Amino acid sequence: MEYEKERERLVRSLRVHNIKESVLDAILRIPRHLFIPEGLRRDAYVDTPLPIGHGQTISAPHMVAIMCDLLDLKEGQRILEIGTGSGYNAAVMAELVGKTGHIYTVERIAPLVEFAKKNLMDAGYTNVTVILEDGSGGYSEFSSYDRIIVTCAAPDIPEPLIKQLKPGGMLAIPVGDYIQQLYLVKKDSDGTVHKESKGGVVFVPLIGKYGYGYD
Ligand code: SAM
């Protein structure tokens, strides 16, 4: 009950970012505390990133909301996420694409894959597939995708991600090292690609073949 009130307060605070109602509704429905290590759950509805172990974080709710809003997610879409982390962003997208849509989400750290699978199961999501892999070059097996979201910062926009996007599709990706920009990339129906910066962001690095190299 306490969590519900805190979640309502959080969603009210996100309205300053002009987020679509559908995204706010999804955030209102999802128990974010289930995606956070137990000792940190009291801060689950504070608009901040939180540590999830292995040097990684669950993104701040406003960042999840802004990226989902930019991508204009719709019922029935197939989505690829690079950087599963806790599984929370995948859950928000799973709400938005509904039972006829599907989220494929790729994470390179094995214990986080297990953490996210458990969190998604506890929260009741069945339209999400979590994959252990270096996702810096996307995941061609289930391509092509209506939308791709990258939740870690790349040195540049990886070409395979553009290839795996459907014509008419969109990709949201942070690019840069210390100074990062969030890019929204659109692929027209004729395959022409446009990219637009949506402002400064702070994400952990994309590590891998098309990322910052292996640690
Ligand atoms: N979306 C997550 C959530 O809702 O909790 C937050 C993701 S966290 C900011 C970024 C994640 O990207 C980390 O879990 C990190 O291990 C992962 N990552 C970094 N490089 C990756 C790669 N090449 N492939 C897959 N995941 C990667």
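Predicted model: local features only at pLDDT ≥ 70, side-chain atom pairs only at ≥ 80, totals over all residues.
Local features were taken at pLDDT of at least 70 and side-chain atom pairs only at pLDDT 80 or more, whereas totals for chains, interfaces and linings use all residues. Residues are numbered from 1 along each chain as its sequence is written, and side-chain values use heavy atoms, with hydrogens and water left out.

Rings of Phe, Tyr and Trp (its six-membered ring) were paired if their centres lie within 6.5 Å, with planes under 30 degrees apart counted as stacked, over 60 as edge-to-face and the rest as tilted. The count by this rule is five aromatic pairs. One of them joins Phe 35 and Tyr 88 in an edge-to-face arrangement, with 5.7 Å from centre to centre and 70° between the planes. This pair links distant parts of the chain, 53 residues apart: Phe 35 is in the loop between α2 (21–29) and β1 (50–53), and Tyr 88 is in helix α4 (residues 88–97). Helices (H or I, at least four residues) and strands (E, at least two) are DSSP runs, numbered from the N terminus. Both Phe 35 and Tyr 88 are buried, that is, under 20% relative accessible area, with exposed over 50% and partly exposed in between (1.4 Å probe, protein chains only).

The pair of Tyr 139 and Phe 142 is tilted, because the planes stand at 35° with the ring centres 5.8 Å apart. Tyr 139 counts as buried at 14% relative accessibility, while Phe 142, at 26%, counts as partly exposed. Ring pairs connect Tyr 139 and Phe 142 with Tyr 104 and Tyr 145 in a cluster.

A charge was assigned over a ring if NZ of Lys or CZ of Arg is within 6 Å of the ring centre and within 35 degrees of the ring normal. Arg 32 lies over the face of Tyr 88, 5.6 Å from the ring centre. Lys 195 lies over the face of Tyr 183, at 4.7 Å from the ring centre.
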